[in-house]
Amino acid sequence: MDIDLADLGFWRRPLKERNEAFARLRELDRPVFFPERRVPLLRSGKGFYALVRHADVVEASRNAKVFSSEPAVTNPEPPGWVKHVFGESMVNMDDPRHARLRRIVSRAFSPRMLAGLQDGIDRACAGIVDDVVAEGPGDFVHQVAARLPIHVICDMMGIPDGMREQVHRHVDVSTAYTGVRPSLPQTLRMAGQNMLALLALQRMVIQLGKQRATAPEGDLVSALVTANVDGERLTDRELGSFFALLLVAGNETARNTMAHGIKLLTDNPEQRRLLAEDFDARIGGAIEEMVRYVSPIMQFRRTVTQDYDLRGLHLKAGDKVVLFYGSANRDEDVFPDPDRFDITRETKGHVGFGGPGPHFCLGANLARQEIRTMFRELLTRLPDIRSVGEPELLPSNFDNSIRTQPFTF
Ligand code: HEM
């Protein structure tokens, strides 16, 4: 077979070709094993089984006792010392450690907290569109999509205005790192810059945590560093790791959904007309369809803890499996005519926010809220806004990232 998912070069191939490759893998009766290559700076293992069907991704997500998120869900795996420098993030933990952290940080995502963020999201979206009107057509990623999610995360955490520019700068550096790097010197340079940026972000929020622990305000940092009724709170290191996780998990994903979203609405004028006809009734379905179609996170990994039979495949303790969300979201058995963008289709069960189970995206409702408000503002105030030409994609095996998307209105 000429498909090699372990070869980072695969992820530079056009999306259409990659989708065709996954369609062929889905036709096979069991998951295929891909031996791993050595990747500079990253720990290489023997290889992984690719879970490409919806049912397999769901089974592995749901059964976290057998399909562990430790030691890490990224693939290839970061070297062990990274954990010592940066601390651990909950996405790479199993219960009970994961459950404890999730319990504490879930406070930030309660319906009441999310409702409290809405005014700030409204204001941010209005400000973004004011600027777009003043600046004129250009790059949708830079002028629109990249601006909202980070703003919302900073609002949530209570990051003071004076620190925000620094946060933006560091986040831009670490965002650039997620791509597939063409050469070793470039890999080394970007890895170094990424680590410094992440460390700087962690230091900033830890500093803030110390201030808020003694003088709490109504923000999330205060809530996380002061004890709740059960006496639980985050340590400095945990706070630093959580902030880094939010910036990685909640920033790129929402921005890429919006940037792909404007292109999908432009390329499918009949879908856009449907949405414009009854925005409130159809935007929910449109967002789920965007997340299904785009699959902003393309893969996460699990490590098998005990011998297990998965669709006739005998897995052994220590085997790795990689969950290909984009492929599961195009599984013909669940989503008929999967390459059609259809905002009225049944999207229930899509795995764009992860499969069902303990790690299901904590920020899914926040992402929905951001995307809904941004598109409402855009389509109401700039009714003929549209993408122009093709996006420049950032080759990556991890996120479906858009570097630039020209647009006009
Ligand atoms: C369209 C936008 C988004 C997509 C597609 C997305 C996707 C995902 C996926 C696939 C996972 C599952 C990880 C796993 O099973 O191992 C996840 C987890 C997570 N997401 Fe999101 N996400 C989005 C937005 C956000 C936002 C806005 C935030 C917060 C500001 C966020 C915070 C998190 C966190 C904290 C986790 C870890 C949960 C855990 O390990 O228990 N996400 N996300």
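Predicted model: local features only at pLDDT ≥ 70, side-chain atom pairs only at ≥ 80, totals over all residues.
Biologist: What about Arg302?

Modeller: Arg302 has a polar side-chain atom 2.8 Å from an oxygen atom of the ligand.

Biologist: How many residues surround the ligand, and which are the closest?

Modeller: The ligand is surrounded by 27 residues. His98, Arg102, Arg302, His359 and Cys361 are the closest.

Biologist: How do the residues of that shell divide into nonpolar, polar and charged?

Modeller: The shell has 17 nonpolar residues, eight polar ones and two charged ones.

Biologist: Back to S5. Are its residues buried or exposed?

Modeller: Buried, six of the six, so S5 is largely enclosed by the rest of the structure. Here buried means under 20% relative accessible area.

Biologist: Which residues sit on each face of S5?

Modeller: One side has Gln299, Arg301 and Thr303, and the other has Phe300, Arg302 and Val304. Both faces are covered, and these residues are all buried.

Biologist: Which strand is joined to S5 by two bridges?

Modeller: That is strand S3 (residues 67-68), which runs antiparallel to S5. Phe67 has Val304 in S5 as its bridge partner.

Biologist: And how many bridges are there between S5 and S8?

Modeller: Five, and S5 pairs with strand S8 (residues 320-324) in the antiparallel sense. Thr303 has Lys320 in S8 as its bridge partner.

Biologist: What holds paired strands together, in general?

Modeller: Strands of a sheet pair through backbone hydrogen bonds, either parallel or antiparallel.

Biologist: New topic. What is the order of the open sheet of three strands?

Modeller: The order is S4-S12-S9, and the pairing is antiparallel. Strand S4 (138-139) and strand S9 (386-387) are the edge strands, each pairing on one side only.

Biologist: How many bridges are there between S9 and S12?

Modeller: S9 pairs with strand S12 (residues 406-408) over two bridges, in the antiparallel sense. Ser387 has Phe407 in S12 as its bridge partner.

Conventions. Residues numbered from 1 in each chain as written. Heavy atoms only, no water. Near = heavy atom within 4 Å. Polar contact = N/O pair within 3.5 Å; in protein donor to acceptor, adjacent residues only side chain to side chain. Nonpolar A, V, L, I, M, F, W, Y, C, P; charged D, E, K, R; others polar. Pairing = 2+ DSSP bridges. Helix = DSSP H or I, 4+ residues; strand = E, 2+ residues; numbered from the N terminus. Buried < 20%, exposed > 50% of the residue type's maximum accessible area, 1.4 Å probe, protein only.
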